[in-house]
Amino acid sequence: KLIVANGVEKTTLKEVGENAGYSRGLAGYRFGSKAGLLEFVVRTIGEDWLRDLTRATEGLSGYAAMAAAIDEHLKFCLDAPDRVRAFYILWFEAASPDSPVKQVVSGIHDRRRRDVARWVEQAVAHGAPRPLLPANDIAGQFNTAIVGIVYHWLQHPEDHDGVSQLHGNLKHTMKRLLEPAA
């Protein structure tokens, strides 16, 4: 809540401890530093997302896996907005050269890209036509679009219809990218 309300820069370990009902120094003891706290937040929410994504896409490949992942992402954003907003505020903060969460976010981003490429490759291996673009290019487009949708959502958190429409548009785009090469 503090990251969403105050931003990364103005969030302090003291406030985190007090907000959680701890003594002033317990957050510092628990996380070691503000960087440790931020990494904990990204890892924890990222692991929750991975668990939900894995459950939603289990046994699926190709477009079916992508559509399930997109639907799960929309649900992820709308079901716990403050928590997920904090995650994505830190995600964008990772672009800063001295960000304490840069490596963690990079790992999550790379994992997402590998997963999407694997879904495409699995579908082709199971008889789906080879798509217009290579699997890694489709995965890059998928990730880029998700990040763009998230940015819109961060700027317009009340725009649930628009965010839902953007997720739907991404499903349509992915379906088109998976059409067979001519």
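The lining of the largest pocket divides into 11 nonpolar, 3 polar and 3 charged residues. Here Ala, Val, Leu, Ile, Met, Phe, Trp, Tyr, Cys and Pro count as nonpolar, Asp, Glu, Lys and Arg as charged, and the others, Gly among them, as polar. You are looking at a predicted model, where local features need pLDDT of at least 70 and side-chain atom pairs count only at pLDDT 80 or more, while totals for chains, interfaces and linings use all residues. Residues are numbered from 1 along each chain as its sequence is written, and side-chain values use heavy atoms, with hydrogens and water left out.

How is empty space found? Rolling a probe the size of a water molecule over the atoms shows where empty space is left. A pocket is an open set of points on a 1 Å grid over the protein atoms alone, where a 1.4 Å probe fits, with protein on both sides within 12 Å along at least five of seven lines; lining residues have an atom within 4 Å of a point.

The largest pocket has a volume of about 440 Å³, taken as the space filled by probe spheres set on the points, which are joined across faces, edges and corners. Of its 17 lining residues, Lys1, Ile3, Val16, Leu37 and Val41 are the closest to its centre. Helix 4 gives the largest share of this lining, 5 residues; helices are DSSP runs (H or I, at least four residues), numbered from the N terminus.

Now turn to the second largest pocket, with a volume of about 230 Å³. Among the 13 residues lining this pocket, Gly46, Leu50, Gly107, Ile108 and Arg111 are the closest to its centre. Helix 7 supplies the largest share of the lining, 7 residues.

Technical notes. Helices (H or I, at least four residues) and strands (E, at least two) are DSSP runs, numbered from the N terminus.
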